[in-house]
Number of protein chains: 2
Amino acid sequence: MTLKRIGTQTVKLENPPSIISTASIVGPKEGEGPLKEYFDMILEDDLWGQESWEKCESKLQEEAVKMALTNAELTESDINYLFSGDLLNQIISSSYCARQLSMPYFGLYGACSTMAQSLSLGAMTIDGGFADYVACVTSSHFSSAERQFRYPLEFGNQRPFSSQWTITGSGAAIVSSTGNGPFVTYVTTGKVIDAGIKDVNNMGAAMAPAAVDTISNHFKDTGYTPDDYDLIITGDLGFVGKDITSDLLKQEGYDISEVFNDSGIKIFAHKEQDTHAGGSGCGCSAVVFAGYVYKELLKGSLNKVLLISTGALHSPISTQQGESIPGIAHAVTISNSKE
Amino acid sequence: MTLKRIGTQTVKLENPPSIISTASIVGPKEGEGPLKEYFDMILEDDLWGQESWEKCESKLQEEAVKMALTNAELTESDINYLFSGDLLNQIISSSYCARQLSMPYFGLYGACSTMAQSLSLGAMTIDGGFADYVACVTSSHFSSAERQFRYPLEFGNQRPFSSQWTITGSGAAIVSSTGNGPFVTYVTTGKVIDAGIKDVNNMGAAMAPAAVDTISNHFKDTGYTPDDYDLIITGDLGFVGKDITSDLLKQEGYDISEVFNDSGIKIFAHKEQDTHAGGSGCGCSAVVFAGYVYKELLKGSLNKVLLISTGALHSPISTQQGESIPGIAHAVTISNSKE
């Protein structure tokens, strides 16, 4: 067997799996942002007929997967594995979604890195010969995340300018052993990097060093340069984290500024929408990937994209116990060509 | 490429990866139980010099992985992927452990099914040609779990007889593309099954239907019968869940009673140790596998084992919102032969 490893953190997929469909559902605020035309569905309110925000988040995942299946002309029983995760304690959004879908299920936790993590494991599972079709999905919900990680919304606390706005939304992708692309060609898996940031209202700074580590190792492992990509897009670094990442990568000899963007920046019109440092949450890179990136790849206006979802791996308990906030970043190359 | 799928939920590994080492570390109570001779290390107290139980749990994982590496005569940089998860919110035990180890890291959440989940993904990653060595680890801690899922210990609530005792401990395994076994030969991945149980003090009943589903599908997919195994061992069903599983499997035509045991039953002398319905937690199947099962496989007194780690996928929030407790069970066949 050919070992598919290249370098220290990357694998090159031998028969690059094809992302044959995606679906994205977002909340009302995301549906007023600049990417609104790219989303498959925009909710009118943030409960969607459910009794709680947590239950709404689970429904977001379920409906996103079902919509992606419909888009792929597949049914639930065609899917060999479901890879999903979210931000809530014990990833209840994902598990209660998986209960409804009845697919063999691998629950993941990578905080906001989950979209790239699920695409990584999903693509490897197909390329390894274990599956024909997998579903990859993740979600977040502004209101369920705020009350879990920060304060009850009713408390009305003031948000500092470095804070980000958790996306309400879910993005799903169906990955297949056959199809015409876009293809997952490389997977670079992140290590946990901790720069000592302790400010829970500055996630961008906490995650940036992990993004730098994964992106620079991706270049070293693959031999690619920033010029090889039409777009290098991170998950939810926001304005603070994107600047840090750009600066630190320059110090390592990689100037990605020409092709660099961030899902959390793209999704809102920040001044008008009062979202401070950018969007965030598992759902952020999920809906921007499933909506904007995927559709631009299909159109051919993008041909090769490096998606790096970034996660902050803390909990309120770890913060209360004085711990810093480590980050992780997972990257996948998504290309219209199998090379 | 040969597709390795057999049946609906199982894959047969083409070049079965070898579990080349394990390590297990347990708390004082587990160290007084009937399996004490099998564990590599027994703590004298449940803080191990740390400031909190949560930090102790993270150290348990870290030291278990390091010990397994030493046992395998490997170093941290030899490991291509770390697969781990735990019960704590945002799996902080695993993420803070991964921070110390500096390995490419896939965080998992499968509640107490995590040991088999990590072995499943680890073995598939190796068999798929993506890795030479992976580390699989999980942990739980009685005191961190009690205060998160139930009550502060200081409250001193009375425990009903169907309740289980969360294991303090961590079990790690190093899985390799080469080696002399024991080998991971089959992986059967569970679906989320919900029988409507709402009693958070009866995890065995909540998880049993998932165990039944995975075990019966394993038999259907592989053509194996209970006679093909020396031991079929579940994660933490305890006395209540084990009886339900046995009964329901009989109704499906599988009498596993001759070879069936449960990690949560084996780990304590329940009457003397006052542990009610059995041990539980991610660490339960992890330390019983890494300690007892693995060492008996090496001795040859066991030759073929079906390990089914079982998880309850609820959170305090989902329970407060009136949800039932769904379960999941992941199974791996571990055999001294590659067949």
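Mentor: Between domain 1 of chain A and domain 2 of chain A, 33 residue pairs are in polar contact, both residues of each pair at pLDDT 80 or more. That threshold applies since the model is predicted.

One salt bridge is found across the interface of domain 1 of chain A and domain 2 of chain A. A salt bridge also joins the side chains of Asp40(A) and Lys295(A), with N to O at 3.0 Å.

The division itself puts residues 5–176 of chain A in domain 1 and residues 184–335 in domain 2. The C-alpha centres of the two domains are 17 Å apart, and the contact draws 62 residues from domain 1 of chain A and 64 residues from domain 2 of chain A. Together the two domains bury about 4,900 Å², with 61% of that area from carbon and sulfur atoms. Of the area that domain 1 of chain A buries against domain 2 of chain A, 17% comes from Gln9(A), Tyr38(A) and Gln164(A), more than from any other three residues.

Helix α4(A) is largely enclosed by the rest of the structure because seven of its eight residues are buried. The buried residues of α4(A) are Phe142(A), Ser143(A), Ser144(A), Ala145(A), Glu146(A), Gln148(A) and Phe149(A). Their cover includes α1, β7, β8 and α10 of chain A.

Helix α4(A) leads on to the partner chain. Chain A and chain B share 34 residue pairs in polar contact, both at pLDDT 80 or more. Eight elements of chain A each supply at least two residues of the side that touches chain B: α1 (53–71), β5 (81–86), α2 (92–101), β6 (105–107), α3 (114–127), α4 (142–149), α10 (316–320) and β15 (327–335). The largest share of that side, six residues, comes from α3(A). By class, the side of chain A that touches chain B has 30 nonpolar, 25 polar and 11 charged residues.

In area, chain A and chain B bury about 5,300 Å² between them, 60% of it on carbon and sulfur atoms. In chain A, the residues that lose the most area to chain B are Gln90(A), Phe106(A) and Phe130(A), together 15% of what that side buries. Each chain puts 66 residues into the contact. There are four salt bridges between chain A and chain B. In the salt bridge of Glu323(A) with Arg99(B), the closest N and O atoms are 3.2 Å apart.

After α2(B) comes Ser102(B), with a positive phi near 55 degrees.

Methods: Residues numbered from 1 in each chain as written. Chains lettered and ligands numbered in written order. Predicted model: local features only at pLDDT ≥ 70, side-chain atom pairs only at ≥ 80, totals over all residues. Heavy atoms only, no water. Contact = heavy atoms within 4.5 Å. Buried area = accessible area lost by both parts, 1.4 Å probe. Polar contact = N/O pair within 3.5 Å; in protein donor to acceptor, adjacent residues only side chain to side chain. Helix = DSSP H or I, 4+ residues; strand = E, 2+ residues; numbered from the N terminus. Nonpolar A, V, L, I, M, F, W, Y, C, P; charged D, E, K, R; others polar. Domains from an automatic or database assignment. Buried < 20%, exposed > 50% of the residue type's maximum accessible area, 1.4 Å probe, protein only.
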